[in-house]
Amino acid sequence: MYTVAGQSFNLPINIATGGADIIVTASKVTNAGTVSKGPATVLGSEQISQIASINRDIRDLMRRDPFATLDTSSTSGRNVSFAGQNARYNRFTIDGVPITDGFGLNPDGLPSRRGPVPLDAIEQFQTKIAPYDVRDGFFQGGTVNAILKSGTNNFHGTAFYTYSSDGLIGSRTKPYITNTTGIINSPKYKDRDFGAELSGPIIADKLFFMVAGERVRASKPINSGTVETNAGSPVPGVTDAIVSQIVGIAKTKYGYDAGGVLRSNGDKDDRLVAKLDANISDTQRASLTYIYTKDSLITATTNSNTSLGLESNAYTKPNRVHAGIFQLNSQWSSSFSTEARVLYKDYKSGQIPLLANGAQFTICTAPTSDRSDPAGLPAQTNLSTVCPVGTPSVLIGPGGPSQFNVLRTKTWGGSLVTRLSLNDHNLRLLADYQNVDTFNLFVSPGNGTYYFDSIADYQAGNAQSFNYSNAASLNQQDAAASFRYQTYTFGIQDDWRVNDMLNVSYGARYDLFGFSSRPATNPFFQSRYGFTNTSYINGLGLFQPRVGFDFHPISRISIRGGGGIFGGGTPDVYVSNSFANSGVLQNSLSAVLTNGGTYQVNGANTTTANGQSILNNVNISQISPSAGVQTVLNNRTSTAALDPNFKAPSQFRATLSADYRANLGPLGDGWNFGADFFYSKVRNQVLFTDIRSIPVAGSFTPDGRQRYQNAIPGVSNTDGNNDILLTNSKLGRSYVGVVRFEKTFDFGVNFFGSYTRQDVKDQNPATSSVALSNYSNGAYLDPNVVAYGPSNDQVKWSFKYGVGFDRKLFGDNHTRLNLFGETRAGSPFSYTFQDATGNRSSVFGTTGSNSRYLFYVPTVNDPRVTYDSVATQAAVEAIITGSGLAGYRGQIAPRNAFRSKAFTKIDLHLEQELPLPLGSKFTVFGDIENFTNLLNHKWGQQLRATFNYNKSVVRVTCVAAGANTCAQYQYSSPTPANLLADQLVTANGSSLYAIRIGARISF
């Protein structure tokens, strides 16, 4: 009998009447089985040990779910999304207790690089997308639960060591436009991983222990670099000579060590878990669990096909978790029981500059600036602050977000579940409380960011733009966001066994938020909009009714399904921005040298002397006193606020699943075929918009888009400040279908497969942690509201398949082979164009990323579009005809209507047991990820559009006609093919094979 933790097990038993002896025998029982109302994937410890995982990462378990997608394209780490939903909305639990990264700096809800516990400590692993149990809440992605092993009356243990290196990874992939040879130059590195697990009795039958630890030292190559020195993704135009020149100037001119090309991610990871289980009495059991994890990863601040950040521009991303869980299960009578849990978690994270702290320098690698334009472009164009198309930039000094970035959260709370069994009903009551204290120091850029429009400007020490933030007190520590909130959850559920064929569960949970903090009041914000910036989540509540069923009409058929409301789970950092960016705790300053040669500070013209005092003779290690942020509040400082009418994010979800166990005659019995359908509809979701950008009445772009302007009258378009409001969208829905099969043969072979089809749409992808980034990192139709369209995380179709072999070929020693593969559609992206004017777009009138506006695809002789040259028109036509854009002529290309190339990745695990004395085993094993690349270097290649998944086709400006200031678009500077191409993904083991070998002793 095999049960699943957290799920009821249906076992029909008839007890004889009268005084006769009861004789127990074992045989197969019709209609016995685990009741799982929604789709779920469950892995046992033996399956976990046979999964190929070069990284020893819990995400390699998660990706086995047909609804899950593992994304390896980000240099900041791997992440898993479920059913096309935002990966940050996942929930991760240990033994049902949340250990999630609730703040949201990590990419997918995990509080650490690989998961907080060693894989060898996990007895059972579960993933679900719609668990109708009222205990499951605060998620809108997937919920992941790891059940830890417990000690028994017998001692069990294992110890392992694994090794990989640059000599065990691939060095060739299929030639590509950004790497025409296909040769990948990986630096020297070693990857070592070792750990152990031990469990057994302390007092037989009474007290048991389990302890497991693991240490990883797995520095991997950073893929980007110069055209001569890279690990798969060179930045076109950046050479070793250019880097040497920039590093040399930094040393001689600024006395600063800029570092070289970042080559290794310095991956370190330590994990420890210890668990005590006690049988207090025949009716009471207790457990105490301690979890510790500490990891760090070196991450490139800048990673694109047009910019290269050197070592000094990188940062270390740490995670540190201390967590404790106490659980007491009490059986008070044959019909009444309770389960009490207490949790404490202390989490630290942030970003630490890899080298010395200081300002960030962005250096356009053009020898001289193009800002002295003979065409006499107006002063507001930003030729002085943007590199020409096709000219890359190099960055030194820590990026703005990592200059002052410290996070600490402390969570404590408890829950109580009571169970009352009455005939065919199992009634449960839930009460849960959590308190979260957060300290987040985030001042960006606390040391400033400078832009140099050429190497000559950089050599001279004269910058063309400068941005700087600090506390109004000029002490960065005073700008920290410090706040607290509480959650109160109440739930009731009845599990009703209607008859031998049908089980129904129905119930509801209610989540209520309280708080003890408010953002600082900004009087300028209130005067502009008539409401305060101090709204917070106090009093927000969410009622979540749910119903599920499990129906077995005959022994070979099972039908399951349900529907209900699921909500919460959006990262705390979204609301934290209201504290960190109140416009009161922090003040800001921006200075720019315009193309016309004049100077502006905070969007207003200033004297040449004042402008030069800020931008000339700059120092990377010390801000000029003239650039100091004043203690007098600046009414133009950017703010972030919560909509007073904000509603808790939630969605309706419904599932229907069917399973059939078939007898295929000559092919045998026990063929399992199944299908799952998942539907979701957003009720309320997060949406970021800039309320400082207001519509200009009667002013539209040539293709009909509303134009905007600054709500503060008379402020120049070089003022890029904004007021980002976190509000709600009601747009978003999902249709996901899965068909699957599985068969296990008695002679040791098993195989399985699934096909998943997704149709997922959302509005705001919410890919980041900073309010402005969440506002900017999308694809926009209306220039101030992100477009509704296919989700960034949608995978249109995917196949997952696997074959396993497990036989004792000699003696009592297992020989195992496990192959798992995935073939899936490429990820979606959008075509946009770039407004190459000031911080506030002169075409659209909004702030943020200037390349997020969806591309208008002209017809052959389109009256809405002119070109700066015949060559530009020819280049744009070539881009249109060479892509899917041709199908949208005369229209605005939709968001995420295009996809990268499909790809296949197959992983292989091999192991052989050998005997040791006293019944112990010695196992040698090997994992090969992207196995097909080992067979043929042209196979296994992965391509994806670079973050933020927009491809800018061309630059755009407005052409006036009479009173209409934007009667036509003018296109210029088309993006070269090598910059418009997808990124060749080599991060996190993509596109190349990787081999890990190891040995294990177990008893």
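Which residue forms a disulfide with Cys364, and how far apart are their sulfur atoms? The partner is Cys387, and the two sulfur atoms are 2.0 Å apart. Please keep in mind as you read on that this is a predicted model.

**The disulfides**

The structure holds 2 disulfides. The bond between Cys364 and Cys387 has a torsion of about 130° about S-S, so this disulfide is right-handed. Cys364 belongs to strand 20 (residues 360-364), while Cys387 sits in the loop between strand 20 and strand 21 (393-396), so the pair ties together parts that are 23 residues apart in sequence. Both Cys364 and Cys387 are buried.

The other link joins Cys958 and Cys966, with sulfur atoms 2.0 Å apart. Here the value about the S-S bond is -65°, and the link is left-handed. Cys958 counts as partly exposed because its relative accessibility is 23%, whereas Cys966 is buried, with a relative accessible area of 1%. With the bonded cysteines of the chain numbered in sequence order, the pairing reads 1-2, 3-4.

**A mixed sheet**

Turning to the strands, you will find an open sheet of 5 strands in the order 3-8-9-6-7, with mixed pairing. Strand 3 (40-44) and strand 7 (97-98) stand at its edges; each has a single partner strand, so one side of each is left without a neighbour in the sheet. Strand 6 (residues 91-94) and strand 9 (residues 143-148) pair in the parallel sense over 4 bridges. Within this pairing, Thr93 has Asn145 of strand 9 as its bridge partner.

**Helix 10 and its buried face**

Helix 10 (residues 870-881) has 12 residues and spans 17 Å from its first C-alpha to its last, close to the 16 Å expected at 1.5 Å a residue. Its buried residues are Thr872, Val876, Glu877, Ile879 and Ile880. Seen down the axis of helix 10, these fall within an arc of 160°, so they line one face of the helix. An α-helix has 3.6 residues a turn, so residues three or four places apart point the same way. On the other side of helix 10, Val870, Ala871 and Thr881 are exposed.

What do the buried residues of helix 10 pack against? They meet strand 48 (856-857), strand 49 (865-867), strand 55 (950-961), strand 56 (964-972) and helix 12 (977-980).

**Salt bridges**

Side chains of opposite charge can pair when their charged atoms come close. A search of the whole structure finds 49 salt bridges. Here are some of them:

| Pair | N to O distance |
|---|---|
| Arg271 and Asp269 | 3.8 Å |
| Asp669 and Arg556 | 2.9 Å |
| Arg740 and Asp659 | 2.7 Å |

Arg740 is partly exposed, at 22% relative accessibility, and Asp659 is partly exposed with a relative accessible area of 22%.

Asp669 and Arg556 meet in a salt bridge. Asp669 lies in the loop between strand 34 (650-662) and strand 35 (671-690), and Arg556 in the loop between strand 28 (541-554) and strand 29 (557-567), so the pair ties together parts that are 113 residues apart in sequence. Asp669 is partly exposed at 32% relative accessibility, and Arg556 is partly exposed at 23%.

Arg271 and Asp269, by contrast, are both buried. These two also belong to a network of salt bridges that links Arg56, Arg113, Arg114, Asp120, Asp193, Glu214, Asp267, Asp269 and Arg271.

Notes
Residues numbered from 1 in each chain as written. Predicted model: local features only at pLDDT ≥ 70, side-chain atom pairs only at ≥ 80, totals over all residues. Heavy atoms only, no water. Pairing = 2+ DSSP bridges. Helix = DSSP H or I, 4+ residues; strand = E, 2+ residues; numbered from the N terminus. Expected span 1.5 Å × (residues − 1). Buried < 20%, exposed > 50% of the residue type's maximum accessible area, 1.4 Å probe, protein only. Arc of directions from axis to C-beta. Contact = heavy atoms within 4.5 Å. Disulfide = S-S within 2.5 Å. Salt bridge = Lys/Arg side-chain N within 4 Å of Asp/Glu carboxyl O.
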